[in-house]
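Here is a short report on one protein chain. It moves from the overall fold to single residues.

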Amino acid sequence: MSEDHPRDRFDLVPDAAAETAFLDAWERGRLHHAWLLCGVEGVGKATFAYRAARRLLGAAADPGRGPLGARRDDPVSRLISAQAHPDLLVLERLVEGGKTKKSISVDQSRELPEFFSKSPSQAQHRVAIIDAADDLNVNAANALLKVLEEPPERGVLFLVTHAPGRLLATIRSRCRRLSFPIWTPDRLETLVRNRTGVESEDAEHAAAMAGGSPGAALALASGSTFEMDQLARRWVEGDIDRAEALAVADKFRGAEGQERFEVLMDRLISAVKRRALDGGSGGHRWADLWERLQPLPERTAGLNLDRGDVLAGALADIRRVQAQQGRMG
């Protein structure tokens, strides 16, 4: 069984305090019908939602796996991992033709009223997870609001959000909020070492670059992502070999290069951000570049731009800022 998806993670406890707060509300008979799970991307919000769903849907508790821990071999856990539990509905961006859609559609959101109109078939509750609520388009958000305005009996809804301020105020006001704090570098480093077996130096580097996100730290410690992060750092810190850059850009020109392109652009943008925030001279130039680069991945996908050309343009901008700094120094 893969642990790449939150529904398959059993041993990661995103935040024990949040889990204890949820259990306390449940045990006191004050279980809110809608929970807004807030925090940076990759901090474990969706993992929490699935952990809570397992217990609500009747999986046997396993305290050794944290307050909301459940047994991996429980029939409920197996059904959820197989995406086959009749009392669980998950809304997330659909993948069609190998491409992930930009948003959660209104048609998907309209599944919620019908789902919650039915009585639970195997459990005491019906549970829905929206991962992420930030991905709801305008009409989908309005359809969700109608469900929140008329709380379903024995229904519990988890809304994962990386940017709660972007949600409709009327949605936020109808949810109980649980905030998930970023992880400390020491905790991230321990997680990376235990999960991946990488050397301490590499684990420390992944933890430092992850921005407090365990998901990001684990991704950075993986082979291809770590290599791309190293490459991006080297380029931003002043060593852009033109032949190497052209060779890398060429790999993105085919349809199969989409995922690698997005990973490299993410690490490149992060490296530029670090330069903008490090307090050195010319920081405002790096900040301007950071702002220009941020929308590039989404714009590239939306307009079907040539990824190799986009990367080459980004590297030309980096060289320009480096040259400006050189003249200042």
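The sections below cover basis, fold, surface, cysteines and selected loop residues.

## Basis

This is a predicted model: local features need pLDDT of at least 70, side-chain atom pairs count only at pLDDT 80 or more, and totals for chains, interfaces and linings use all residues. Residues are numbered from 1 along each chain as its sequence is written, and side-chain values use heavy atoms, with hydrogens and water left out.

## Overall fold

The protein chain has 16 helices and 7 strands. These are DSSP runs numbered from the N terminus: helices are H or I with at least four residues, strands are E with at least two. The radius of gyration is 22 Å, close to the 20 Å given by the globule rule for 329 residues, so the chain is as compact as a globular protein of that length. That radius is taken over C-alpha atoms, and the rule is 2.2 Å times the number of residues to the power 0.38. The C-alpha trace spans about 70 × 45 × 35 Å along its principal axes.

Contact means heavy atoms within 4.5 Å. Of the contacts between residues at least 6 apart in sequence, 71% join residues at least 24 apart.

## Burial, surface and charge

Buried residues account for 46% of the 329 residues. Buried means under 20% relative accessible area, exposed over 50%, and partly exposed in between (1.4 Å probe, protein chains only). The protein chain exposes about 16500 Å², with carbon and sulfur atoms supplying 47% of it. Areas come from the Shrake-Rupley method with a 1.4 Å probe; for residues, only the protein chains shown count as cover.

There are 46 positive and 48 negative charges, and their mean positions lie 3 Å apart. Lys and Arg count as positive, Asp and Glu as negative; His and the chain ends are not counted. Each charge is placed at NZ of Lys, CZ of Arg, CG of Asp or CD of Glu.

## Cysteines

C38 is buried, at 5% relative accessible area. C175 also counts as buried, at 12%.

Most residues other than glycine have a negative phi, and most peptide bonds are trans. A cis peptide bond joins D131 and A132, with omega about 5°. A132 sits in the loop between β5 (126-131) and α6 (138-149).

Q83 is not a glycine, yet its phi is positive, about 55°. Q83 lies in the loop between α3 (75-81) and β2 (88-91) and is exposed, at 57% relative accessible area. R154, not a glycine either, has a positive phi of about 60°. R154 lies between α6 and β6 (155-161), in a loop. It is partly exposed, at 39%.

## Two buried loop residues

G44 lies in the loop between β1 (34-38) and α2 (45-56). Its relative accessible area is 10%, so G44 is buried.

P120 is in the loop between α5 (111-117) and β5. P120 is buried, at 17% relative accessible area. Leaving out residues up to four places away in sequence, P120 touches D87, H125, R126 and R154. The C-alpha atoms of P120 and G155, 35 residues apart along the chain, are separated by 8.7 Å.
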